[in-house]
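Look it over, then read on.

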Amino acid sequence: MRRALLLIPFLALFPAFAQTTCVFTISPTIVSVPARGSSPDGSFSGVVQISASAGSCPRTSVSNVPEWISISFGSPGTGNGSTGYTVKPNTNPTPRTGTVQIAGQLLTVNQAAASCTFQLTSSRTRFAADGGSATLTIVTSCSWTAASDVAWIVFAPHVGGPGNGSVPFNVIANPAASERTGHIQIGSQSVSITQTAAGCVFSLSPSSANI
């Protein structure tokens with residue numbers, strides 16, 4: 001009993017010893033954000049409120065996907081407070097999910113898919129039989145890759161990128177006596193490329209005769 005009475009004034013003089021465990025809660029713990037925010041660069045900004053069991057409790061915030069979610073303020077800190085985060089625009093036609101560790105608690109960020117539209121134009125869509133080169137222009141806010149559905153339309157492998165771009169391509173000579181058509185595809189859009197038939201070549205056998 002005497003030990004307990006002696007302990008009370010000791011804890012009153014040194015309150016740090018009375019609080020040995022820091023407990024945090026955050027709100028919200030799950031957020032859904034649009035593919036593109038209202039900032040000029042398309043990013044989305046949010047704030048998480050933090051409650052601590054003591055004002056002396058230290059805390060930090062770390063993004064588990066720093067390539068598209070970053071901490072904007074509030075880390076490091078102590079006790080109650082708030083942490084800001086910034087989400088880059090999603091340029092892909094699929095949704096994505098990332099997490100942020102805030103004071104040991106987990107914030108889950110669900111971001112919507114981009115609403116992708118593509119405008120495709122080619123500097124040339126019709127070629128002579130001997131082929132040639134041209135450039136396809138892409139106007140979009142989304143990520144993209146280019147593909148051809150025929151072997152005779154050729155461009156650099158793994159061509160693509162985020163946002164507007166261009167694809168230089170070559171059309172190989174047509175050896176056939178019939179016209180042919182192929183396509184360059186970006187997303188759900190495509191450009192038709194037509195090539196005329198090769199000229200007709202005749203040979204005679206025998207090429208001479210004695211009468």
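Q: Is Phe-127 buried or exposed?
A: This is a predicted model: local features need pLDDT of at least 70, side-chain atom pairs count only at pLDDT 80 or more, and totals for chains, interfaces and linings use all residues. Residues are numbered from 1 along each chain as its sequence is written, and side-chain values use heavy atoms, with hydrogens and water left out. Buried means under 20% relative accessible area, exposed over 50%, partly exposed in between (1.4 Å probe, protein chains only). Phe-127 has a relative accessible area of 2%, so the residue is buried.

Q: Which geometry do the rings of Phe-127 and Phe-169 adopt?
A: Rings of Phe, Tyr and Trp (its six-membered ring) pair if their centres lie within 6.5 Å; planes under 30 degrees apart count as stacked, over 60 as edge-to-face and the rest as tilted. Here the centres are 6.2 Å apart and the planes are at 65 degrees, so the pair is edge-to-face.

Q: How many residues apart are Phe-127 and Phe-169?
A: Strands are DSSP runs (E, at least two residues), numbered from the N terminus. Phe-127 is in strand S12 and Phe-169 in strand S17. The pair links distant parts of the chain, 42 residues apart.

Q: Which residue stands opposite Phe-127 in S19?
A: Two strands pair if DSSP finds at least two bridges between them. S12 and S19 pair in the parallel sense over two bridges. Opposite Phe-127 stands Gln-195.

Q: What is the relative accessible area of Phe-169?
A: Phe-169 is buried. Its value is 1%.

Note on methods
Helices (H or I, at least four residues) and strands (E, at least two) are DSSP runs, numbered from the N terminus.
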